[in-house]
Amino acid sequence: PKTDIVFLKVHKSASSTVMNILFRFGETHNLTFAFPNGGGNQLFYPRHFLASFVQGFSPWSPQQFNILCHHMRFLQPEVQKVVSSSAVYFSILRNPVQLMESSFVYYKGTSAFSRARSLEEFLSQPYHYYNPANSDSHYAKNLMTFDFGFNPNGEVSAERVQLMLKAIEAYFDLLLISEYFDESMVLLKEMLCWDLDSIVSFPLNIRDSSTKSPLPDTIVEKIKDWNRLDWEIYIYFNRTFWERIDRDIGRERMQQEVKALRDRQAELARTCLQGTGSVAPEDIKDSSLRPLQHGNAKILGYNLKQGLHKEMEHMCRRLVTPELQYSSILYKKQFAHRQP
């Protein structure tokens, strides 16, 4: 199994669920994480990543960490300083149309979105609301482009798009697609030589459907135009994603693998969870399992069954522990020898 991993956690793209998978694997195998200085949950995002953002990194005695997975704005030469040269790099993408809709609700408090009553209103005259000079403007335009380290306000010329795609392809070994999450996990499992139980998950940081609404076609086209760089990235890597499946696994075996994964997840849900799945934040009985609520989104969580035996309880709890709490547990564990 591969243990040196860089995961670029792209916002609002099922990346919290992927992070939980990495947290569990790292904890089980006693791996070290590149934590933000002071144990925060982001590597000084939205600034470009610097090795000095990582707790315990020193240019004089560069310590290498196994897993880098907290939110960052990618900058490859700096990332290289904190992980092994053989580290596997991967990230996850989401259809920019759904990504924009999700961001509008989740980041409602940001400068670009706060004054617009609806996404439609924002898109009808975006520059009335959007100022690229604002420090939080990246949430409102080409968010994936920004997270990968590029300029979200750059011109959309064929040449520039090509350069961007080539750079991403050069740095990353795999780009997952959140709309095909289970297929993505199978590809990840193959690339990392992990077993099935290492990639099972319950969806984390997901939004209650009451705050979602279907988008009319006119809005869809406006979102694509507004996020043209993100759209180009998504279209290209969605295509290479399926090419890779055809080349390395084949559709038939992929179907079998996905079925095995879903069966195992259903089995774990029956074992671990009260009821059938996620519940509203106010219905989560154990406050340590309550996810952070943000913007106008309503983020769901889980209730564990009572009376699970100790090992099972530990495994189930880790599957449903929200990102911030889990990160904090691992941080305390890794730096237990240091007095705060």
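What we have here is a predicted model, where local features need pLDDT of at least 70 and side-chain atom pairs count only at pLDDT 80 or more, while totals for chains, interfaces and linings use all residues. Residues are numbered from 1 along each chain as its sequence is written, and side-chain values use heavy atoms, with hydrogens and water left out.

Let's look for empty space. Rolling a probe the size of a water molecule over the atoms shows where such space is left. We work on a 1 Å grid over the protein atoms alone: a cavity is a set of points where a 1.4 Å probe fits but cannot get out, and a pocket is an open set with protein on both sides within 12 Å along at least five of seven lines. Lining residues have an atom within 4 Å of a point. Grid points are joined across faces, edges and corners, and a volume is the space filled by probe spheres set on the points.

So, how many cavities of 30 Å³ or more does the structure hold? Two. Around it sit Ser-16, Met-19, Asn-20, Phe-23, Leu-204, Thr-321, Pro-322 and Glu-323. By class, that's four nonpolar, three polar and one charged. Helix α1 gives the most to this lining, with four residues; helices here are DSSP runs (H or I, at least four residues), numbered from the N terminus.

The largest cavity also has about 40 Å³ of space. Its lining includes Pro-96, Met-100, Tyr-139 and Asp-230, and divides into six nonpolar, three polar and two charged residues. Which helix gives the most there? That's α3, with four residues.

Now the largest pocket, with about 910 Å³ of space. It has 46 lining residues, and the closest to its centre are Lys-12, Ser-16, Leu-204, Asn-205 and Ile-206. Ser-16 and Leu-204 also line the second largest cavity. The pocket lining has 20 nonpolar, 18 polar and eight charged residues, and α3 gives the most, with four.

Last stop, Phe-122. Not counting residues up to four places away in sequence, Phe-122 touches Met-100, Phe-104, Ala-112, Phe-113, Ala-116, Tyr-129, Tyr-130, Ala-140 and Trp-226, where contact means heavy atoms within 4.5 Å. Two of those names, Met-100 and Ala-140, turn up in the lining of the largest cavity too.

Key: Helix = DSSP H or I, 4+ residues; strand = E, 2+ residues; numbered from the N terminus. Nonpolar A, V, L, I, M, F, W, Y, C, P; charged D, E, K, R; others polar.
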